[in-house]
Amino acid sequence: MQNLRKPTFSNICFDTPLLPTSILLGVGILIGDIAFPYIRSLLLPLVCIVISLLLSAIYFRKVALFCIGSTLILFGVFRLSINRIDDIHEWPKEKQVYIGTIREVPKEKEKSWIADVWIGKEKVRATLLKGKNQPHLGDKILLNTQIEQPHNNGNPGEFDYATYLRRQDYKGVCFCYADNWKISETAESLSFLQKGKERLIRQYKDYLDGEDLAVIAAMTLGEKSLLTSDTKDLFSETGTSHILALSGLHLGILFMLVFYLLRHTRKRFQRVILTGITLLLIWMFVGLVGAPMSLCRAALMSTIGLIAGCLRRNVKAIDCLSLAVVTILLISPQAIFDIGFQLSVSAVIGIVIISPILPRFRFVEKYKILQVIYKLLITSLCAQIGTAPLVGLYFHIFPTYSILSSIIVIPLASIILLTSLLFFLIPFAQPILAISLHTSIRVLKHSLTFINEFPYSHIDIYPSIFIAVIIYLLIYQIYSFILTHRSWKIYGISFYVLLLFIATIINIEQHKLSPQIIIYNLYKCPNIHFISKNNSSQIWVSDSVQNSKKLTFIKKSFWKEYQLNPKTITTSLRTSRKYNYFRFHEKTIIVLQENMPYKASEQINIDILYICKGYKQQLDNALKYITPKLIIIDNSLSDFYRKRLIKDASKNAIEIYDIKKQGAYILDLDKKEANKGF
């Protein structure tokens, strides 16, 4: 602790220059992502500004630090802009036949397959309804479909799927019925690493199945498509989901023996050869499992450390991390938005920065077993401090007993990973090793289930980005105070605590909903959600028993965050057998799911006419009975009926809202205005 310098800005810049470099580059990329729509035509002036700042840094030393910092930020903006120039690919607006190649293992759902299809050089996410065909890695596939730009459903609280796909370099999405796609007879040959991964998964399948197969495939090969939502939730709620995401932990365990040999190899020639072989094996493993960003970060840090060791140079862990981050961001600036990458980096920063300032106890040093347990505790605590704000922000959870879980999980994970390595290296022992894997995974899951049943095993939290940033600033301020012991740092800590308190109060107030009417964008699931003050609510769902599953994502996101527990409305106020009638806060809604009689018997003025599957007549026939201010057409209607209704509404000068194209309909009754999605 005595060797640690005061964490002032100048000390950080001169002691670890790559750390501020990576931070400023990251800031530039974030700014570039926000400002890209406004600066895409200004890339040449941006380059000129970067060059001018570099020249200023060379010739005007007094402002060199400012110029270098500004250059890094602008370079980050420029690098992201270059990466995003070809984001949008224009697809034909009608159905066409496409020929593509499946280059990732398709994910099986209950009624469909999710396949990543390369059409030429463009990657498309295809949803294929199940039929006679079954897609496989390497297959050539014929698609008769319309490809669209990735888009969201516009439901409140939903995951921003469109942005996620864009950042993963998808250029389109499509949906195919069972008779609109087929596998061609010729299949494209797989790469050496793809064949290897397929072969390893098949070996697992020979001896393991169900959740055992899903967990081991995720932990060793990065194949998460087999994991059920219950298993993911279990690991997330106990704070051990990092076990399922390949990272430095997995790399360290799998290459434990090699790293040990390298530390004890004295001869230079042997060390160089062993280092070369190790690096080859590490990067082959990275390629084998699909190169997730968290593993790339760990592999780059290992590469830097091994090369430095081979050259007999000492290198600090924070410098290795910073260089790895800079390298990844220069190659793939979109990596900064990868949640696994963010968690991986923040965990390492927590371990590297915080662990040296934690106390050491003499009685621990006397016993090897206590040293191992204490080191495990310290590492888990520091990693949790580093990742807790991000975990709360992205997963809306705080695992209370994550340190206890880690003490149990990490040794078990080590056993599972080493056993899986032996499973592939000793084929004749696979039946015995499979039993060991099965037992270890069962013990792992039962242990986590037991911990998850503790009272307050996890706390649901919904912090804003602002709150997460304040927490990180508060952690840094406390860290700085521990190192410097300067009394004025207490004022900084008090300021951030006060700011955190105010931000939390604002966040709580923002989670109090005003009275609203929401129609969610759900496939073939007509619905209306009525929300009153104090977040009490009722929901009408057509065929509520059959469609209850389609509300699952809404329940887990929006309802859970805002503590909504709506009562299901099974009937409505009916003025006729042909439609449902609702009245809420002076707003009147009629739901049409059947054709209307051709002779009008009554005329009614309403606010909203909600047309769903089942109504097949011209709009004029409904307008004989109903005079609406707004017409909403549901996602359940086919394209033919949707287009006809839009045309008829335009002819009658009535405003129309298309759920499928515009997203969920949200009417704020206090503001008396509707939002297109959340």
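Is F582 buried or exposed? Select F582: at 6% relative accessibility it counts as buried (buried is under 20% relative accessible area, exposed over 50%, partly exposed in between, with a 1.4 Å probe and protein chains only). Before moving on, note that this is a predicted model, where local features need pLDDT of at least 70, side-chain atom pairs count only at pLDDT 80 or more, and totals for chains, interfaces and linings use all residues. Residues are numbered from 1 along each chain as its sequence is written, and side-chain values use heavy atoms, leaving out hydrogens and water.

The ring centres of W540 and F582 are 5.8 Å apart with planes at 55°, so the pair is tilted. For the cut-offs, rings of Phe, Tyr and Trp (its six-membered ring) pair if their centres lie within 6.5 Å; planes under 30 degrees apart count as stacked, over 60 as edge-to-face and the rest as tilted. W540 sits in strand β12 and F582 in strand β15, 42 residues apart (strands are DSSP E runs of at least two residues, helices H or I runs of at least four, numbered from the N terminus).

Next, pick Y161 and Y164. This pair is stacked, 6.3 Å centre to centre with 20° between the planes. Y161 is partly exposed at 32%, and Y164 is partly exposed at 35%.

Last stop: R167 lies over the face of F337, 3.6 Å from the ring centre (the rule asks for NZ of Lys or CZ of Arg within 6 Å of the ring centre and within 35 degrees of the ring normal).
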